[in-house]
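Trainee: I have a new structure open and I'd like to talk it through with you. Where should we begin?
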Amino acid sequence: MRKLYVTSFAYAILGLVAGIFFREFTKINEYTAYTTLKPLHTHILVLGFMFFLILTLLAKTFRVHETRSFGPWYFVYNGGLIVTLIAMTVRGVLQVNGTDMNGLNHIAGLGHAILGASIIWFMVLLGKKIKE
């Protein structure tokens, strides 16, 4: 359960840093158009910090972290989130610099698909613990 708290805390710090990076990087480069760096901050705070904070409470209440496949789920979810966040960061930096890279849409889409599948997987794990 402590691992969930530490994960939540780490994503909170990362989300705040991403917000500062967005503001300062675009200001330094005098960039005023839309960039994917803007929603990066929110993605990290909601899908990382808030999700794992709520998960910590669910673990305390339903002991969902004791299910057999919770460990693999944890790595799949974080992997999908990290892939998504890296793709968004790279795309945002490239947008500010006036370039782009083919394939980033697909990489971000893959990360989102992994996240979606792991959210369903988590709901199944939680459902099993609620039935007990």
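Mentor: Let us begin with a word we shall need: contact means heavy atoms within 4.5 Å. Please also keep in mind that this is a predicted model.

Trainee: Okay, so which residues is Thr35 in contact with, leaving aside its neighbours within four places in sequence?
Mentor: With those neighbours set aside, Thr35 is in contact with Phe22, Thr26, Gly92, Gln95 and Val96. Thr35 itself is found in the loop between H1 and helix H2, the latter covering residues 37–62.

Trainee: Is Thr35 buried or exposed?
Mentor: Thr35 counts as buried, because its relative accessibility is 2% and buried means under 20%.

Trainee: And how far is Thr35 from Val93?
Mentor: Their C-alpha atoms are separated by 8.1 Å, although Thr35 and Val93 are 58 residues apart along the chain.

Trainee: Staying with that loop, what about Glu30, is it buried or exposed?
Mentor: Glu30 also lies in the loop between H1 and H2, but it counts as exposed, since its relative accessibility is 71%. Its phi is positive, about 50°, although Glu30 is not a glycine.

Trainee: Which other residues have a positive phi?
Mentor: Arg63 is one of them, with a phi of about 55° although it is not a glycine; its place is in the loop between H2 and H3, and it is partly exposed, with a relative accessible area of 38%. Another is Gly98, which follows H3 and has a positive phi near 85°.

Trainee: Changing topic, how do H1 and H3 sit relative to each other?
Mentor: In general, two packed helices are described by the angle between their axes and the distance between the axes. Here the axes of H1, residues 2–28, and H3, residues 70–96, come within 12 Å and cross at roughly 5°. That makes H1 roughly parallel to H3, because angles under 35 degrees count as roughly parallel.

Trainee: Which residues meet there?
Mentor: On the H1 side they are Lys3, Leu4, Thr7, Tyr11, Phe21, Phe25 and Thr26, and they meet Phe70, Tyr74, Asn78, Leu81, Ile82, Leu85, Val93 and Val96 in H3. Sorted by kind, the residues of this contact divide into 11 nonpolar, 3 polar and 1 charged.

Trainee: What about Ser8, buried or exposed?
Mentor: Ser8 lies in helix H1 and is buried, with a relative accessible area of 2%. Not counting residues up to four places away in sequence, Ser8 touches Phe49, Phe52 and Leu53.

Trainee: How long is H3 from end to end?
Mentor: The end C-alpha atoms of H3 are 39 Å apart, which agrees with the 39 Å that its 27 residues should span at 1.5 Å a residue.

Trainee: And H4, how far does that reach?
Mentor: Helix H4, residues 104–131, has 28 residues and reaches 41 Å from its first C-alpha to its last, close to the 40 Å expected at 1.5 Å a residue. Its buried residues include Leu104, Gly111, Phe122 and Lys129, and what covers the buried residues of H4 includes H2 and H3.

Trainee: Last one: which residues does the UniProt annotation "transmembrane region" cover?
Mentor: The annotation, which comes from an unreviewed UniProt entry, covers residues 43–62, 74–94 and 106–126. In the model, residues 43–62 are 100% helix, with end C-alpha atoms 26 Å apart, and residues 106–126 are 100% helix, with end C-alpha atoms 30 Å apart.

Methods:
Residues are numbered from 1 along each chain as its sequence is written. This is a predicted model: local features need pLDDT of at least 70, side-chain atom pairs count only at pLDDT 80 or more; totals for chains, interfaces and linings use all residues. Side-chain values use heavy atoms; hydrogens and water are left out. Axes are lines fitted to C-alpha atoms, for helices over the stretch in contact, and angles run from 0 to 180 degrees between N-to-C directions. Helices (H or I, at least four residues) and strands (E, at least two) are DSSP runs, numbered from the N terminus. Angles under 35 degrees count as roughly parallel, over 145 as roughly antiparallel, 65 to 115 as roughly perpendicular and the rest as oblique. Ala, Val, Leu, Ile, Met, Phe, Trp, Tyr, Cys and Pro count as nonpolar, Asp, Glu, Lys and Arg as charged, and the others, Gly among them, as polar. UniProt positions are given in the numbering used here, feature names are shortened, and annotations may be inferred rather than shown by experiment. The expected span of a helix is 1.5 Å times one less than its number of residues. Buried means under 20% relative accessible area, exposed over 50%, partly exposed in between (1.4 Å probe, protein chains only).
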